[in-house]
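Please open the model in your viewer and keep the sequence panel beside it. The tour below moves from one selection to the next, and at each stop it says what can be found there.

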Amino acid sequence: MKAHYKHIPEVESNLFKSLIQRNNKEFDYPWHYHPEYELTYIISGHGVRYVGNNIENFFEEDLVLIGSNMPHCWINAGDQQKSAKALVTYLKEDFFDKTWVQSYEFDGIRRLLSLSDKGIKFDKTVALKLRDSIFELLTLSPLDKLLSLLQILQELAQTNKYHLLCEQGFFYELNSTNNERINIVYKYIQKHYHTKITLADIAAQVNMSEEYFSRFFSKIMHKSFFEFLNEYKINRACKLLIETDRQVSEVCYACGYESIPFFYRQFKKFKDCQPKNYRLKYHKIQSLAAQ
């Protein structure tokens, strides 16, 4: 399962570029990678974010820093009315002169960029605090843009309000031989997660035997297909829990689970709590943020 290489067009700066990515309905660029570091701020849209072998829901004010050549994509839910929009800043691999990046003054930013190899998701409070500064990267003069970006990176380096997306790291063989397969798997899961998906079903989508697909997927993603599938289903369950008032049993069946006890075990495995507690915790955080 190989990712697309994405070429980032050159602009007036040889160091970085910031731009608005806008789609009428969804972010539709497939699983891809590029040598540039990427700082993505979601302006509008919601769905599922894939970074390496990590799966999480994303919403507005999502702020993520991804390291060089880390495969990733954002896939929108199909039930939204507003266009999908993100402000993306690409930092060239040689953004920092080697003398600069090894200096004491850049110690924090150096550690930040090193951590980005695992993908970093910052808390919403951090995203909101930096929102105006991130948007100014579109309008400032070239030198002011550079100074502002350094200040943004420094603030990200100093916060502890974040979590790593691939804590164990994600090492990926960069070639495009099997590029389409990962995207076929993603799209099939997105369309059929609420039904029973067998190994035969998914293997047939990429023209492999069940045994070969199982080995292939585990080797590339560092987790089994069914662990990946259950992680996706639980993230969809989380979305239903926080956006609706549906009963837990309804959420269970809507996400393709046939057994409520099994659903509870999987939820505990991936979220380290029970569904009702997850919902209560989310609404409590939202109430505090609104005060």
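## A tour of the model

Begin by selecting Y50: leaving aside residues up to four places away in sequence, Y50 touches W31, I55, P71, H72, C73, I75, Y186, F228 and Y232. Keep in mind throughout that this is a predicted model. Y50 is also one of the residues with the most contacts inside the largest nonpolar core, which has 40 residues, and the others named with it are Y186, F213 and F225. In soluble globular proteins, nonpolar side chains tend to be buried together. Apart from this core lies another, of 28 residues, and L65, I109, L112 and I120 are among them.

**The sheet.** Next, select the six strands that form an open sheet, in the order β2-β9-β4-β7-β10-β11, and note that the pairing is antiparallel. Which strands stand at the edges? They are β2 (16-23) and β11 (162-164), and each has a single partner strand, so one side of each is left without a neighbour in the sheet. If you look along the strands, neighbouring ones are turned by 20° against each other on average, when direction is ignored.

**Strand β7 and its partners.** L65 of β7 is the bridge partner of L39. Turning to β10, you will find three bridges that join this strand to β7, again in an antiparallel arrangement, and here L65 has I120 as its bridge partner. In a regular strand the side chains alternate between the two faces of the sheet. Show the side chains of β7 to see that L63 and L65 point one way while V64 and I66 point the other way, and that all of them are buried.

**Two helix pairs.** Select helix α3 (residues 124-136) and helix α4 (residues 142-158), which pack at an angle of about 170° with their axes 10 Å apart. Because of that angle, α3 is roughly antiparallel to α4. The residues making the contact are V126, K129, L130, S133 and I134 on α3, and S148, I152, E155 and L156 on α4. Sorted by class, this contact has five nonpolar, two polar and two charged residues.

Then move to helix α8 (residues 225-243) and helix α10 (residues 260-271), which pack at an angle of about 90°, with their axes 10 Å apart. That angle makes α8 roughly perpendicular to α10. Here E227, N230, E231, I234, N235, A237, C238 and L241 of α8 meet F262, F263, Q266, F267, K269, F270 and K271 of α10. By class, the contact of α8 with α10 has eight nonpolar, three polar and four charged residues.

**A last stop in a loop.** Finally, select T195, which lies in the loop between α5 (179-192) and α6 (199-205). Is T195 buried or partly exposed? Its relative accessibility is 33%, so T195 counts as partly exposed. Leaving aside residues up to four places away in sequence, T195 touches K233 and G256. To finish, draw a line between the C-alpha atoms of T195 and G256, which are 61 residues apart in sequence and 4.9 Å apart in space.

Definitions and conventions. Residues numbered from 1 in each chain as written. Predicted model: local features only at pLDDT ≥ 70, side-chain atom pairs only at ≥ 80, totals over all residues. Heavy atoms only, no water. Axes fitted to C-alpha atoms, helices over the stretch in contact; angles between N-to-C directions. Helix = DSSP H or I, 4+ residues; strand = E, 2+ residues; numbered from the N terminus. Parallel < 35°, antiparallel > 145°, perpendicular 65-115°, else oblique. Contact = heavy atoms within 4.5 Å. Nonpolar A, V, L, I, M, F, W, Y, C, P; charged D, E, K, R; others polar. Pairing = 2+ DSSP bridges. Core = buried A, V, L, I, M, F, W, Y, C linked by side-chain atoms within 4.5 Å. Buried < 20%, exposed > 50% of the residue type's maximum accessible area, 1.4 Å probe, protein only.
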